[in-house]
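Here is a short briefing for a reader who is new to this structure. Look over the sequence and the model, then go through the points by topic.

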Amino acid sequence: MTTTFPRRALLAAGAALAAPAPLRAQGTAMRLLVIGGGFGGASAASFARRTYPEVQVTLVEPQPRFVTCPYGNLLLGGERQIGQITHSYDGLRARGVEVIHDRAAGIDAPTKRVRLAGGAVLAYDRLILSPGIAIRWGAIEGYDEAAAQQMPHAWIPADGSQTLLLRRQLEAMPDGGVVGFAIPGNPFRCPPGPYERISMVAHYLKRHKPRSKILALDAKEGFSKQGLFQDGWRALYGDMIEWVPGNRDGRVVKVDVAERVLETEFGTRHKVDVANVIPPQSAASIAAASGLVNDTGWVPVNTRTFEARAAAGVHVIGDANIPGPMPKSGYVANTTAKQAVAAAVALHRGQTPPEPVYFNTCYSHVGENYGISVVGIFRPNADGTAIAEVPNSGGVSPRGDLPEQRRLEAIHADSWYDSITRSMFG
Ligand SMILES: Cc1cc2nc3c(=O)[nH]c(=O)nc-3n(C[C@H](O)[C@H](O)[C@H](O)COP(=O)(O)OP(=O)(O)OC[C@H]3O[C@@H](n4cnc5c(N)ncnc54)[C@H](O)[C@@H]3O)c2cc1C
């Protein structure tokens, strides 16, 4: 093997392959392996190092830098540059995390080993898996990887190229053009995300191409913070945005890339100038390849420990799992990462995991100085088979003409982004 890996990870892997049990008996540090360096994985690695300095933490992530989905919509609106939403792993390294830039190719839970695409095999005591989502190519007829180069999804940022492509297409579009959105049914990553994106695209068009229109074709009949979004759209963008729900033929089932057409369930063909196709999704491919998903395409987990139902010792967090009523959000990935790490360490030590409580706040920018939010607090049941929202714990921003409230929520959103990314990446 020619790939150069941090010395400690390779030694750990090699030693464990030879004799994992004696290592533990001799009191060697617990090896926590984290796959995926996004919201769930970076949060887990960072939290583990700060809370359990005696635990050896290794993070496997293919990308050299992480481009966040959150605030990607503001890039489309012209309110952020790509550098402002791109984060290096140097801060995690400085915290003592071994970061390996490679892709996990297979998990063997019975022997507690992970095979990397580069050929190395890493042994672990507990595994945290947070690989995010995969696009279900072909779920919309004609929408494959090649089509995404013409009609970007921009729903998995990777190196940021999808988001930048969509931005360039908006810039190249003539004033008076139509931006079409195809929005999936539940569940999908970031329930308010498409509607924040519509808002930010409208924000851009209002300034630069005010005769343009937005056609939002939705597979659903309703969406997160709907009243608040639609109030904001009317107040800020007049009749620029048309939202078409599923029961009014909003479900996009086919795309014609050459003609730039979005075709709906009942055969209506909408010709657009720019198309943002957000397709149906599933857990990222490593989860399916490792036998962790059920027939929904997502990973069922114990809701107290996030241990996969199908694999002992593998804790699956972030968008890849089935989170009950919690949204697939960066906030939830972060808060559940902490519980998963605490549970993993406790179980490794033969202790009872701490009593969990999970939080979520999803902020959305509707316009400049115009923020809204939804909040929820959640608890799992005693046997870890379900999660429920704590009664009367959550809520959404109040409706009405409340400019100061909207201004403050936009500031709170910025603070949330700064603090969560700092806690993840240092
Ligand atoms: C436009 C948009 C806006 C959003 N805005 C918000 C917001 O304002 N607030 C909020 O809370 N959430 C928001 N979200 C949702 C948020 O981005 C996700 O919920 C969050 O990123 C989920 O974290 P994750 O760890 O599951 O996945 P990710 O953050 O995507 O991280 C997954 C990582 O795993 C890596 N990976 C994948 N496969 C492998 C493998 N085989 N081996 C190793 N590594 C692998 C990937 O490279 C990636 O870095 C938004 C999403 C979108 C699309």
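**Around the ligand**

In this predicted model, 32 residues surround the ligand. The closest of them are Gly 40, Glu 61, Ser 130, Arg 189 and Asp 319. The points below start with the ligand, then turn to the domains and the salt bridges.

**Polar contacts with the ligand**

- Arg 189, one of the closest residues, places a polar side-chain atom 2.8 Å from an oxygen atom of the ligand.
- Phe 39 uses its backbone: an N or O atom there lies 3.0 Å from an oxygen atom of the ligand.
- Arg 103 faces a nitrogen atom of the ligand, with 3.5 Å between that atom and an N or O atom of the Arg 103 side chain.

**Two domains**

- The protein is divided into two domains.
- Domain 1 is made of two stretches, 7-132 and 284-354.
- Domain 2 covers residues 137-280.
- The centres of the two domains, taken over C-alpha atoms, are 32 Å apart.
- Domain 1 brings 18 residues to the contact, and domain 2 brings 22.

**The interface in area**

- About 1700 Å² is buried between domain 1 and domain 2.
- Carbon and sulfur atoms account for 63% of that area.
- Three residues of domain 1 stand out: Asn 73, Leu 76 and Lys 328.
- Together they supply 36% of the area that domain 1 buries against domain 2, more than any other three residues.

**Polar and charged links across the interface**

- Seven residue pairs are in polar contact between domain 1 and domain 2.
- On the side of domain 1 that touches domain 2, helix α4 (residues 72-76) gives the most, with five residues.
- By class, that side of domain 1 has eight nonpolar, seven polar and three charged residues.
- Two salt bridges cross the interface of domain 1 and domain 2.

**Salt bridges**

- The structure holds 20 salt bridges.
- Among them is the pair Arg 349 and Glu 54, whose closest N and O atoms are 2.3 Å apart.
- Arg 349 lies in the loop between α10 (330-348) and β20 (358-367), and Glu 54 in the loop between α3 (39-51) and β2 (56-60), so this pair ties together parts that are 295 residues apart in sequence.
- Arg 207 and Glu 79 also meet through their side chains in a salt bridge, at 3.5 Å from N to O.

How values were computed:
Residues numbered from 1 in each chain as written. Predicted model: local features only at pLDDT ≥ 70, side-chain atom pairs only at ≥ 80, totals over all residues. Heavy atoms only, no water. Domains from an automatic or database assignment. Contact = heavy atoms within 4.5 Å. Buried area = accessible area lost by both parts, 1.4 Å probe. Salt bridge = Lys/Arg side-chain N within 4 Å of Asp/Glu carboxyl O. Polar contact = N/O pair within 3.5 Å; in protein donor to acceptor, adjacent residues only side chain to side chain. Helix = DSSP H or I, 4+ residues; strand = E, 2+ residues; numbered from the N terminus. Nonpolar A, V, L, I, M, F, W, Y, C, P; charged D, E, K, R; others polar. Near = heavy atom within 4 Å.
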